[in-house]
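Me: Hello! I am new to this structure and would like to walk through a few of its parts with you.

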Amino acid sequence: MRDRWAVILAGGDGTRLQSMTRAISGDNRPKQFVPVMGRSTLLNQTRHRVALSIEPARTLIVVTQKHRRFYEPLTHEVSPDLLVEQPANKGTAPAILYALLRVAAKSPKAVVALFPSDHFFADDEQFMSHVDVALDAVEVQPETVLLLGITPTTPETEYGWIEPQPSILCHAQKSITRVKKFWEKPAAKLAKTLLDRGCLWNSFVMVGTAAAILKLTRAAMPELYAAFEATVPTFETANEAEALAELYAHIDESNFSHEVLAARPEDLMVMRVADVGWSDLGEPNRVLSTLARIGMQSELAMSAS
């Protein structure tokens, strides 16, 4: 059996969308625990999407303890060893590092796909077909860390962009090329230039062996890596919660995109993904535009805007 695992990142606070999610849910729960698009929560939509390619029994979900009342239903569906509970939200870098070390402890040769829990795809099957190709590619070249870049439709200024290295195949769907540079939330003029140059939106979906992504993280953030590595012997023991609480009390918040990916583009590859109706639901206007694009109406979302 292929040793394929998934990590779903669901530990964020979702503050930028809170006015809308409060109107929908009646409380301050983060957006991943809210049915923003349809009747299912964004997290459950992500779980369903990921399950098209990766077994739920090999899917870890990263959460943050202060949100426990919102993810409590998961504890009845998900094995405790698959629910990665952070003592606090310290950003995506600690969340990813903790989850990958947990995967590596279970399966040292695992191939892992990482997914945000607050994104939308109009065509889940089409998107996951790209993930399948990425998983296949990483199994052939285990040293590869591969990002999925969405073919852009507009010069979006609120997304991160990936500039691929020049290649005769770089405009073909599912083609894989080296990363040249990352551009974070470019100004309008630069965004238009990036669109014309064939750059891609950064979906923040990433595929690689656990070992390769951990190696990348260690090179970019050696102190944080060493601090987390010291907690590995406590995993799935009575001492894990205490060890993690002490660690999280002393580390700073850090962003994986900024401090790992953008710092080491030469170590990364990118796959061009077709237009699969992707949206990062980071702010109310983006939710409303996505609802309009797919012809779905949400009175609560509209009124909350």
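Reply: Welcome! Two strands pair if DSSP finds at least two bridges between them, and strands (E, at least two residues) and helices (H or I, at least four) are DSSP runs, numbered from the N terminus. This is a predicted model, where local features need pLDDT of at least 70, side-chain atom pairs count only at pLDDT 80 or more, and totals for chains, interfaces and linings use all residues. Residues are numbered from 1 along each chain as its sequence is written, and side-chain values use heavy atoms, leaving out hydrogens and water.

Me: In which sense do S6 and strand S10 pair?
Reply: Strand S10 covers residues 269-273. Over 5 bridges, the sense of the pairing is parallel.

Me: Which residue in S9 is the bridge partner of Leu146?
Reply: S9 (residues 200-209) runs antiparallel to S6, joined to it by 5 bridges. In S9, the partner of Leu146 is Val207.

Me: How many residues of strand S6 are buried?
Reply: Buried means under 20% relative accessible area (1.4 Å probe, protein chains only). Val145, Leu147 and Gly149 point one way, while Leu146, Leu148 and Ile150 point the other way, and all are buried. For S6, residues 145-150, the count is 6 of 6.

Me: Against which strands and helix do the buried residues of H5 pack?
Reply: Helix H5 spans residues 124-140, and its buried residues include Phe127, Val131 and Leu135. Contact here means heavy atoms within 4.5 Å. The partners are helix H2 and strands S1, S4, S6, S9 and S10.

Technical notes. Buried < 20%, exposed > 50% of the residue type's maximum accessible area, 1.4 Å probe, protein only. Expected span 1.5 Å × (residues − 1).
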